[in-house]
Amino acid sequence: MKNLLIANRGEVVVRILQAARELSPPIHIVALSTPNDTSHCLLGHPDETISLPSAASYLDISLLAQICQEHAIDTVHPGYGFLSESAEFARRMHEIGVTVIGPGAAILERTGDKLQAKALAASCGVPVLPSHSAQSLDEIRAFVEKIGYPVMIKAVDGGGGRGIRLIHQHQASDLANLVARARSESPSQTIFVEKAAVDGFHHVEVQVLGDGTGTVHHLHERDCSLQRRFQKIVECAPSLLDRSIIDKVIDAALRIAGSIRYRSLGTFEFLVSETTPEFYFLEINPRLQVEHTITEAVTGVDLVQVQLRLARGESLQEILTVPVPVPRPSARSIQLRLCAEDPSANFALSIGKVADFFVPPGHGVRVDTHLAPAVTVGSDFDNLLAKIIVTASSWASAVRKARRVLTETRVEGVRTNLPLLRGIVSTEDFLAGRIDTQWLERNLPSVLGAGERISASLVSSHPPARPAFQVPTSSLLFRRGDAWSITLSPLPPTPKAEGECGIRHHLRLSRVLRNAFPSSLTAEIEYTTPEASVPYKLHLAATGAGAAAGALVSGHRRGDPSNPRHIVLPLSGKLIEVLVRPGEAIAKDQVVAFVKQMKMELEVRSPRAGCAKWVYEVQDGEEDVAEGMLLVELDSLLVPGPAAVAERGKL
């Protein structure tokens, strides 16, 4: 291994760069970027950076093969996501003499397909849930009638929560639509149906290492049950479940891994009951996981270096400096995923420039991020801003540390899920470990409400600190589309100065507490009328919509949600297509446009019926747009209603 290419972007590139730069003897490290996505290179300092023409280039196998040949690359680290589970990519690289860090094309083919992985587990005597590879709706209905609800419809090649639909009895009439949506999110258009294990089941995954000879070891387990729509939000290590069942789960993972002579890093995932001695195999992730951080924190093993050293031909015996099997960790670690999204608006993506980002340092606190001035969150990539990892000697101590760190964390310029994270760690259920895979879905309103109250109390009780980094702003004081939220807190009255008795209406800025305008401004003001003079503390904060609008195109018209003639864009993203023209009649709930957020295309529906007077015209190709932009102006209308957005369900 002399020349390493990291075929990814974001925080995982920074993480791999750090591990690779610590290798001995040193190697030459090459990273990739696009014109609008360079922050991971600014933070990670690769030896060489290659600029790709577009975001789609990260998935262009032919282009990556050409880069490897032109730059004498001998090894590729695919990170996670993108091509990390592509057998085709691993095979193509092997053909040109390049090693892809991972288990190899043959194992990727067996583990990447969920049905093949289930068959492998069953052949090793590991419990699996009843499933059927039915493709027609009639076959699926027959299987459901046999095993009963609830069931899961899954894409065989889905990932990251995509291609999965949980269906309960009361949703039986919508079965056809839910099946179609899951199928549309599968690259191969192939699905299967599976009995769902949802009541009191935890999502537990075992970290496995293999050297390709049949020797496999484990680094214990992680609990990833805190999810929304099958996407992980908070993970912990080790699990709080009873050790007797966890030991059986670990043994099952090792049996599967040993049977295929697993090589490199892999995660073997299971559903484990918290009340009965039941567990079921779920899937295999043959790559580095987003949540690998908490296993590193409790075991002291650098998992990325393990990958790199295995790829160089070293044995597990040479690599692992800890006793094997690795003793059960005594420490506890929690990872919290900080994302640019608005939980109060159905988790809509929040795009714009990150004006300030700060996580308090200290003992037991780690932050994996790619944020550096000036980062713009767009719609091309994952919205993960940072992973906050806290570690302590006990679970209770780790929870208290998480609460403290989240209290002091701040992000400005985009909306984030920080209120949700604060709400989660504040609950007694989280402290007691009573978190199954459906807990957040059941308790989302109350958890989010608690987090928003915590966040509001922090604004009023803690003066904003100096920005950790400040993003340069344009010379324009006000830009079209700018928007702010204003918080006014009454202050004790102050004596009137002489000569103010004749003032009829006056607003006086008496003291600036913090000036980071246009991102934020905190000040004391006094509003005087002929009847009274009232002092206030004012906190002005740019909203996600305003920040996004400023970061995008200033020529967009901002809609007025209170104007019944305006159809306002309810989310940020890339505007792909507008389906109506001026003069056309629009029905209530009619799809008027499609917006893409990361890989999902979302429908924008008209909340009311009417006739289009003015319609935003999409330029050639996809266009970045911000929440709140005016999409359609109606000339005549019928019944007003709220904005609507739904999944199109297409990758």
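Visitor: Which strands does helix α6 lie across?
Guide: Please note that this is a predicted model. Helix α6, residues 114-123, lies across β6, β7 and β9. Its direction is at about 45 degrees to β9.

Visitor: And what is the order of strands in that open sheet of 4?
Guide: The order is β6-β9-β7-β8, and the pairing is antiparallel. The edge strands are β6 (131-132) and β8 (164-167), each of which pairs on one side only.

Visitor: What holds paired strands to each other?
Guide: Strands of a sheet pair through backbone hydrogen bonds, in a parallel or an antiparallel manner.

Visitor: How many bridges are there between β6 and β9?
Guide: There are 2 bridges between β6 and β9, which covers residues 191-195, and the two strands pair in the antiparallel sense. S131 stands opposite E194 in β9.

Visitor: Which strands does helix α8 lie across?
Guide: Helix α8, residues 175-184, lies across β7, β8 and β9. It runs at about 160 degrees to β8.

Visitor: New topic: α9. What span should that helix have?
Guide: Helix α9 has 17 residues, 243-259, so at 1.5 Å a residue it should span 24 Å.

Visitor: Which of its residues are buried, and what do they pack against?
Guide: The buried residues of α9 are R243, I245, I246, V249, I250, A252, A253, I256 and A257. They pack against helix α6 and against the strands β10, β11, β13 and β14.

Visitor: What follows α9?
Guide: R261 follows α9, and its phi is positive, near 50 degrees.

Visitor: Last one. How do α13 and α14 cross?
Guide: The axes of α13 (residues 395-408) and α14 (residues 418-426) come within 9 Å and cross at roughly 155 degrees. That makes α13 roughly antiparallel to α14. The crossing is left-handed.

Visitor: Which residues meet there?
Guide: V399, A402, R403, L406 and T407 in α13 meet L418, L421, R422, V425 and S426 in α14.

Note on methods. Residues numbered from 1 in each chain as written. Predicted model: local features only at pLDDT ≥ 70, side-chain atom pairs only at ≥ 80, totals over all residues. Heavy atoms only, no water. Pairing = 2+ DSSP bridges. Contact = heavy atoms within 4.5 Å. Axes fitted to C-alpha atoms, helices over the stretch in contact; angles between N-to-C directions. Expected span 1.5 Å × (residues − 1). Buried < 20%, exposed > 50% of the residue type's maximum accessible area, 1.4 Å probe, protein only. Parallel < 35°, antiparallel > 145°, perpendicular 65-115°, else oblique. Left-handed = near helix turned anticlockwise from the far one by under 90°.
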